[in-house]
Amino acid sequence: MDKNKIATIKSQFDELIHVVDDVEFWYARELMKSLGYDRWENFNNAIQRAVQSCESSGIAVSDHFREVTKMVSLGSGSQRGIQDYMLTRYACYLIAQNGDPKKEEIAFAQSYFAVQTRKQEIIEERIAYIERIQARSKLRESEKRLSQNIYERGVDDAGFGRIRSKGDQALFGGHSTQEMKERLGVKDTRPLADFLPTLTIAAKNLATEMTNYNTEEKDLQGETAITVEHVQNNASVRQMLGSRGIKPEELPPSEDLKKLERRVKSQEKKIAKQSGTLPESVEE
């Protein structure tokens, strides 16, 4: 997500903050569109999933979610009460966690509500490493699918390792997986992908997905045919990156992904406590 987009969405979220007794909270109806939802029914489903998450964590739901009735004017001049919720920052975070991850606003909200500071650079930093964690998760899934595909086509685990290594060689300009580990200072026992930048992880995932697709579509059989396919796909991805002046083997290593995951989990545990609890009453 680029900085201008982050700044725009951040401004929308900031404008919706209410503060009573030093506790920040948001109204669900006001927040709904900023989270990319047009229908209350769909947004309310995300709220209910968040409530369940709160309960399963052993945290008092009433401290963070409070149902209220909002009065809205009708065309006739009369008023009607509609369902709404007061939500702490922790509640908003849980809603984002239970929302549609394909929505840019949801991806932003997962970081916006997770950090206590409102500084954009801190939010940007968290978004960047969440995106890296998600990219790594996608690569794990595509490699798992490739492993299953090749097993069904007569290739064992050792063969899968050889196919993946030759793919790496094609992507990294002739450098093997082991050579890349040495270049980036990665221990033998750790996966190379845990230390690659998001761009390279995404490149590996694209090549692997292409291999999965063609292996299934063409019903490729045996290690040789699948190796040729995987090498060609990695070479194609490398060529595409090269046309933009990017050489994957020259990109610097990124922080150990396991450390990032621990940092994210550590932040999540603090959110409820830092959010405070909803005030007993609010004057409109």
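Modeller: In sorting residues by class, Ala, Val, Leu, Ile, Met, Phe, Trp, Tyr, Cys and Pro count as nonpolar, Asp, Glu, Lys and Arg count as charged, and the others, Gly among them, count as polar. The structure discussed here is a predicted model.

Biologist: What volume does the largest cavity have?

Modeller: A search of the whole structure with a threshold of 30 Å³ or more finds 1 cavity. Its volume is about 40 Å³.

Biologist: Which helix supplies the largest share of the lining of the largest cavity?

Modeller: Three helices, α7 (157-171), α9 (198-217) and α10 (222-242), each contribute at least two residues to this lining. The largest share amounts to 3 residues, and the helix that supplies them is α7.

Biologist: How many nonpolar, polar and charged residues does the contact of α9 with α10 have?

Modeller: The crossing of these two helices is right-handed. On the α9 side the contact includes L199, A203, L206 and M210, and on the α10 side it includes I226, E229, V237 and L241. By class, the contact of α9 with α10 has 9 nonpolar, 7 polar and 1 charged residues.

Biologist: Is α1 roughly perpendicular or roughly parallel to α5?

Modeller: Helix α1 (residues 3-15) and helix α5 (residues 104-112) have axes that come within 11 Å and cross at roughly 70°. Because angles from 65 to 115 degrees count as roughly perpendicular, the orientation of α1 relative to α5 is roughly perpendicular.

Biologist: How many nonpolar, polar and charged residues does the contact of α1 with α5 have?

Modeller: α1 passes α5 in a right-handed crossing. In this contact K5, I6, I9, K10, F13 and D14 of α1 meet E104, E105, F108, A109 and Y112 of α5. By class, the contact has 6 nonpolar, no polar and 5 charged residues.

Biologist: Which element gives the most to the lining of the largest pocket?

Modeller: The largest pocket, with a volume of about 340 Å³, is lined by 16 residues, of which P101, E131, Q134, A135 and K138 lie nearest its centre. Two or more residues of the lining come from each of α5, α6 (120-151) and α9. With 6 residues, the element that gives the most is α6.

Biologist: Which residues are the closest to the centre of the second largest pocket?

Modeller: The second largest pocket has a volume of about 250 Å³. Of the 14 residues that line it, the closest to the centre are R164, D168, T177, P191 and L192.

Definitions and conventions:
Residues are numbered from 1 along each chain as its sequence is written. This is a predicted model: local features need pLDDT of at least 70, side-chain atom pairs count only at pLDDT 80 or more; totals for chains, interfaces and linings use all residues. Side-chain values use heavy atoms; hydrogens and water are left out. On a 1 Å grid over the protein atoms alone, a cavity is a set of points where a 1.4 Å probe fits but cannot get out, and a pocket is an open set with protein on both sides within 12 Å along at least five of seven lines; lining residues have an atom within 4 Å of a point. Grid points are joined across faces, edges and corners, and a volume is the space filled by probe spheres set on the points. Helices (H or I, at least four residues) and strands (E, at least two) are DSSP runs, numbered from the N terminus. Axes are lines fitted to C-alpha atoms, for helices over the stretch in contact, and angles run from 0 to 180 degrees between N-to-C directions. Angles under 35 degrees count as roughly parallel, over 145 as roughly antiparallel, 65 to 115 as roughly perpendicular and the rest as oblique. A crossing is left-handed if the near helix is turned anticlockwise from the far one by less than a right angle, and right-handed if clockwise. Contact means heavy atoms within 4.5 Å.
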